[in-house]
Amino acid sequence: MILSPKETVIAYRCPDCGSGIMSVVGAFALSGDLIKLKCSCGGSELHISRTSDKKLRLTVPCLVCPKPHNYVISQNTFFSREGVFTLSCTVSGLPLCFIGTKDAVSDALDEATRELNALLEDAGLDGLDEIRENSETSDPFDASIDDIIRYTICELEDEGKIKCKCPTTAVADYQFEIIDDTLRVYCEKCGASVTLPMSDMAMAHDFLLSESLELT
C-alpha cells in the first residue's frame, strides 16, 4: 500500500469481539464533519472530527473503561510518516489506537495483541468479555479511586466540559485532592473549585459517569 502525502493508517481493537480494525484516512475525508470507523460486528466505532482550532478529536472505544476515550491531536501528528503514534487508556495504560504507516501500525497492533493476551493470562481471564464484565462491577485492572478521578477529569477536560473562572482564551490547569471523605477539584490558574463527597469506590464510579463539572 502506497499512501499519498495526506493519508495515514489508523487502527483500534473492538472491545466487543476483539477484532483489529484498520483503515486508511485521507485529508479529503477529514474535510467533513465526522468520520466513523466501524467494526463489522457492530459493537464499536471510532470517531474522528475536527475541532474549532483545526485539530482532530478522536473518540476511541476502550477495552476496559465503560466510556470511550477522547483525544485531541494536531493534523501534523496525525499525518506524520515517522513510525507509529499510540493512544492509550488513561486508567489501565493499555494501547487502544495506532496511527502511522501501514507496516508500523500493523506491527503495533500485533504487539498490543501479545501484551493483551499476557495481561489476560496474568489476570486469570479468558477473554475481552470478562474484562467488560469486570469493568461494570469492579475497578478495571484494580484501578484506584485516584486513577478513576484522574481519568474522569482528563476526559471531561478533553471534551470541554469543565468550566472555571479562566477566560476562554486561557489554558486552565485542573488538579484534585482527596481529604478525608471529600474530593476537591480545582484550577491552579484561577483558584475556582468544587467539593464533592468521595468516601468509597461506588462514589468514584458515580463520578466516572459525570457529564460536566463546574468550578466556582
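**Entry 1: Lys161 and its partner**

I looked up Lys161 at the outset and found this residue partly exposed, with a relative accessible area of 31%. I note that the model is predicted. I then asked which side chain Lys161 meets in a salt bridge. The partner is Glu159, with an N to O distance of 3.3 Å.

I looked up how many salt bridges the structure holds, and the total is 4. One of them joins Arg184 to Glu177, whose closest N and O atoms are 2.9 Å apart. Arg184 counts as partly exposed at 27% relative accessibility. Glu177 is likewise partly exposed, with a relative accessible area of 28%.

I also examined the salt bridge between the side chains of Lys36 and Glu45, for which the N to O distance is 3.9 Å. This pair falls within the 4 Å cut-off and so qualifies as a salt bridge. For Lys36 I recorded 46% relative accessibility, which places this residue in the partly exposed class. Glu45, at 28%, counts as partly exposed.

**Entry 2: strands 5 and 6**

I turned to the pairing of strand 5 (residues 56-60) with strand 6. The two strands run antiparallel and are joined by 5 bridges. I asked which residue of strand 6 is the bridge partner of Leu58. That partner is Tyr71.

I next checked the covering of strand 6, which spans residues 69-73. The strand is mostly covered, with 4 of its 5 residues buried. I noted as background that side chains in a regular strand alternate between the two faces of the sheet.

**Entry 3: nonpolar cores**

I looked up the largest nonpolar core and found that it has 52 residues. Those with the most contacts inside this core are Ile10, Leu58, Val60, Phe78, Val185 and Leu215. Helix 4 (residues 145-158) supplies the largest share of the core, 5 residues. A second, separate core has 7 residues, among them Val9, Phe98, Val105 and Ala108. I recall that nonpolar side chains tend to be buried together in soluble globular proteins.

**Entry 4: Leu215**

I asked what Leu215 touches when residues up to four places away in sequence are not counted. The list includes Ile162, Lys163 and Cys164, together with Tyr174. Leu215 also touches Val185, Tyr186 and Cys187, as well as Ala192, Ser193 and Val194. I note that Val185 is named, with Leu215, among the residues with the most contacts inside the largest core.

Technical notes:
Residues numbered from 1 in each chain as written. Predicted model: local features only at pLDDT ≥ 70, side-chain atom pairs only at ≥ 80, totals over all residues. Heavy atoms only, no water. Buried < 20%, exposed > 50% of the residue type's maximum accessible area, 1.4 Å probe, protein only. Pairing = 2+ DSSP bridges. Core = buried A, V, L, I, M, F, W, Y, C linked by side-chain atoms within 4.5 Å. Contact = heavy atoms within 4.5 Å.
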